Amino acid sequence: MFLLKEDVKVKLYIVVPCYNEEEVLPETSSRLQEKMQFLMQNQQISENSHVIFVDDGSKDKTWAMIEELHHRNSLFSGIKLSKNRGHQNALLAGLNFAAEHADAAVSMDADLQDDINAVDEMIKKYNEGCDIVYGVRSTRDKDTFFKKFTAETFYKVLRRLGGEIIYNHADYRLMSKRALKGLAEFKEVNLFLRGIVPMIGYKSDTVAYERGERFAGESKYPLKKMLSFAFEGITSLSIKPVRLIFDFGVAISGISVIVLLYFLAQYFMGNTVSGWTSLIMSIWLLGGFQLMAIGIIGEYIGKVYLETKARPRFINEVILNNDGESK
Ligand code: UDP
Ligand code: MG
């Protein structure tokens with residue numbers, strides 16, 4: 001019998017990284033349970049779908065709560081990391097697990113800021129053939145001016161530097177099994193998921209949602225952590241900042257040639273102190289050449305850096321060959 005994709009219900013994992021989230025977990029778990037039951041009853045996901053809480057080395061009762069949830073209801077599963085490894089690593093732990101066991105996974109934060117109703121639309125797009133569905137904030141009305149401005153600048157800088165970044169998308173997204181397997185091919189230690197997920201390719205789409213306030217507790221991303229996250233994002237995606245040094249060196253050398261012609265003219269007209277022209281010429285020219293040299297060395301170091309990441313150079317989507325896999 002020929003089966004449509006809609007007839008085969010997707011086994012969905014919802015991956016939720018948790019760091020000291022005891023205040024929100026009871027509410028988050030009950031809302032997720034409600035949502036999963038609704039999706040199961042409406043034949044949208046299979047009965048053996050799960051919510052995977054990843055405890056990122058919490059110091060409060062988070063893990064005890066996850067254990068209890070799991071014992072009460074097999075819908076809930078848990079992974080406990082041996083220590084706090086940060087949001088991105090916790091997410092990856094859950095997503096790698098889902099790559100092995102599920103047909104698709106949705107990643108979302110524990111604090112209910114991501115509107116869980118957007119999952120319905122994500123599944124719809126998945127059934128229409130999308131491998132990655134990005135949750136995108138429809139407005140930033142609730143953000144402070146500072147947050148809006150910094151976020152906007154961050155996206156612009158990343159785009160300029162060649163990063164394929166989805167505007168206003170955090171880590172709320174659905175990924176199909178093959179996209180998850182593709183993600184698992186990225187072995188880099190400094191992880192910036194929003195930067196590498198678009199590199200996986202395949203058909204993707206976005207779903208707009210309203211991002212709310214944190215339900216309870218405090219943000220685990222204070223300004224300092226956020227800035228280092230942004231810096232991490234830029235440096236893990238691109239070696240362009242190094243190229244800027246080289247460009248700067250070229251510019252300085254170019255400018256110095258022009259300026260030096262002027263200084264030489266002054267020198268021949270006798271308008272200068274003796275020794276000053278040769279001194280200033282050496283400073284400018286050497287400065288420019290040194291910057292260029294640093295830029296060239298930087299380019300090689302940048303190449304080494306990119307090579308050490310050992311990112312996949314390609315991911316096959318379809319193979320038409322009677323000897324190989326076909327799809
Ligand atoms: N988180 C984590 N490890 C950390 C910090 C945060 O797993 O070291 C989780 C946290 O529990 C939450 C998500 O990452 O589910 C996003 O964190 P938060 O909501 O505090 O960030 P914000 O929304 O304020 O940017
Ligand atoms: Mg949050």
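1. At roughly what angle do the axes of H3 and helix H6 cross, and within what distance do they come? In this predicted model, the two axes cross at roughly 130° and come within 9 Å. Helix H6 covers residues 177-184. An angle over 145 degrees would count as roughly antiparallel, and one of 65 to 115 as roughly perpendicular; H3 and H6 are therefore oblique to each other. The crossing in which H3 passes H6 is left-handed.

2. In the contact between H9 and H10, 20 residues are nonpolar, 9 are polar and 2 are charged.

3. How is the protein chain divided? Domain 1 takes in 5-219 together with 313-326, while domain 2 is 240-309. Taken over C-alpha atoms, the centres of domain 1 and domain 2 are 47 Å apart.

4. Which residues come nearest to ligand 1? There are 17 residues around this ligand, and the nearest are Pro17, Tyr19, Ala110, Ser219 and Lys220. Strand E1 (12-18) and helix H3 (87-101) are the elements that give two or more residues to this shell. By class, the shell around ligand 1 has 6 nonpolar, 5 polar and 6 charged residues.

5. On confidence, the mean pLDDT of the protein chain is 88. Of the residues in the protein chain, 97% reach 70 or more. For the complex, the predictor gives an ipTM of 0.95 and a pTM of 0.79.

Methods: Residues are numbered from 1 along each chain as its sequence is written. Chains are lettered from A and ligands numbered from 1 in the order in which they are written. This is a predicted model: local features need pLDDT of at least 70, side-chain atom pairs count only at pLDDT 80 or more; totals for chains, interfaces and linings use all residues. A residue is near a molecule or strand if its C-beta atom, placed from the backbone, lies within 6 Å of it. Helices (H or I, at least four residues) and strands (E, at least two) are DSSP runs, numbered from the N terminus. Ala, Val, Leu, Ile, Met, Phe, Trp, Tyr, Cys and Pro count as nonpolar, Asp, Glu, Lys and Arg as charged, and the others, Gly among them, as polar. Domain bounds come from an automatic or database domain assignment. pLDDT is the predictor's confidence in each residue, from 0 to 100. Axes are lines fitted to C-alpha atoms, for helices over the stretch in contact, and angles run from 0 to 180 degrees between N-to-C directions. Angles under 35 degrees count as roughly parallel, over 145 as roughly antiparallel, 65 to 115 as roughly perpendicular and the rest as oblique. A crossing is left-handed if the near helix is turned anticlockwise from the far one by less than a right angle, and right-handed if clockwise.
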